[in-house]
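Visitor: I am new to this structure. Please take one part of it and go through that part closely, in plain terms.

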Amino acid sequence: MTGDTDIEDAVEPDEPTGAAGDDPDDTDTDTDTDTGPRPARRWPRVLAGVLAVVLIAAGAAMYVAGRQLRDTPATSNRALTDSAATTQVAGEVTNALGKVFSYSPEGTAATKASAQKLLAGKALQQYAALFGQVEKQAADQKLTLTTHVVRAGVTRLTPDSAHLLVFLDQVYEREGKTASKAAAQLSVTARLREGHWTIVEITSR
């Protein structure tokens, strides 16, 4: 620095620079105090500022990453995290399918009434269109159909909707003939309404 050079040029090495009796080392100390340590004192403040910026940036990055993790499809699927809700929807859909796909020659009215309560939307429309034919066939041929759900797996669950894959065994019995058995596989969509699950769509697989 220019100031340091001027001080060195103005002071002879063997000449006292202070009052009589002053220690020459004191002059060196004052010079160091005025010129040397000042830049060094700035470093802690500079480092503190840099660290604060880094910490804020890191915190923001972690927040964004955490938000993305929470919003992924896997974590939003309650079928993977909420066993109680998954059990409820699987049980109610199993019960509903057993009722609407089981009938006897004398019991078609009860089956139709169950469908009105347990089905809605597209599922109810399709069921109503087909059940008229089934009802007449059951009466004419003395046909009994019994449906058992072998397995119902919830593939996706949100607070108000569910998608399930369901495997069925169905037994057909005609009066005077040997019963026959068939397996079926359905994709089912259900909606939560007033605390109960209602089937709104059924697709044969």
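Guide: A residue is called buried when its relative accessible area is under 20%, exposed when it is over 50%, and partly exposed in between, with a 1.4 Å probe and protein chains only. Tyr-103 has 11% relative accessibility, so Tyr-103 counts as buried. This is a predicted model, in which local features need pLDDT of at least 70 and side-chain atom pairs count only at pLDDT 80 or more, while totals for chains, interfaces and linings use all residues. Residues are numbered from 1 along each chain as its sequence is written, and side-chain values use heavy atoms, with hydrogens and water left out.

The part to look at is helix H7, residues 121-141. Helices (H or I, at least four residues) and strands (E, at least two) are DSSP runs, numbered from the N terminus. H7 has 21 residues, and the distance from its first C-alpha to its last is 30 Å. That is close to the expected 30 Å, the expected span being 1.5 Å times one less than the number of residues. H7 also bends by about 35° at Phe-131, where the bend is the angle between axes fitted to the seven residues ending there and the seven starting there. Just after the helix, Lys-142 has a positive phi of about 50°.

Phe-131 is also among the buried residues of H7, together with Ala-123, Leu-124, Tyr-127 and Ala-138. At 5% relative accessibility, Phe-131 falls in the buried class. The buried residues of H7 pack against helices H5 (83-100) and H6 (108-118) and against strands S1 (143-157) and S4 (196-204); contact means heavy atoms within 4.5 Å.

The aromatic residues come next. Rings of Phe, Tyr and Trp (its six-membered ring) pair if their centres lie within 6.5 Å; planes under 30 degrees apart are stacked, over 60 edge-to-face, and the rest tilted. By this rule there are three aromatic pairs. The ring centres of Tyr-103 and Phe-131 are 6.1 Å apart and the planes stand at 85°, so this pair is edge-to-face. The pair links distant parts of the chain, since Tyr-103 lies in the loop between H5 and H6 and Phe-131 in H7, 28 residues apart. Phe-101, Tyr-103, Tyr-127 and Phe-131 make up one aromatic cluster.

Two of the elements that H7 packs against, S1 and S4, belong to an open sheet of four strands in the order S1-S2-S3-S4, with antiparallel pairing. S1 and S4 are at the edges with a single partner strand each, so one side of each has no neighbour in the sheet. On average, neighbouring strands are turned by 30° against each other, direction ignored. H5, which H7 also packs against, packs on the sheet and touches S1, S2, S3 and S4, its direction making about 160° with that of S1. For such angles, axes are lines fitted to C-alpha atoms, for helices over the stretch in contact, and run from 0 to 180 degrees between N-to-C directions.

Within the sheet, two strands pair if DSSP finds at least two bridges between them. S2 (residues 161-174) and S3 are antiparallel and share twelve bridges, with Asp-169 opposite Ala-183 in S3. Strand S3 (residues 180-193) is joined to S4 by eight bridges, again antiparallel, and Ser-187 faces Thr-203 in S4. The hairpin of S3 and S4 has two residues between the strands, and Glu-194 there takes a positive phi near 55°.
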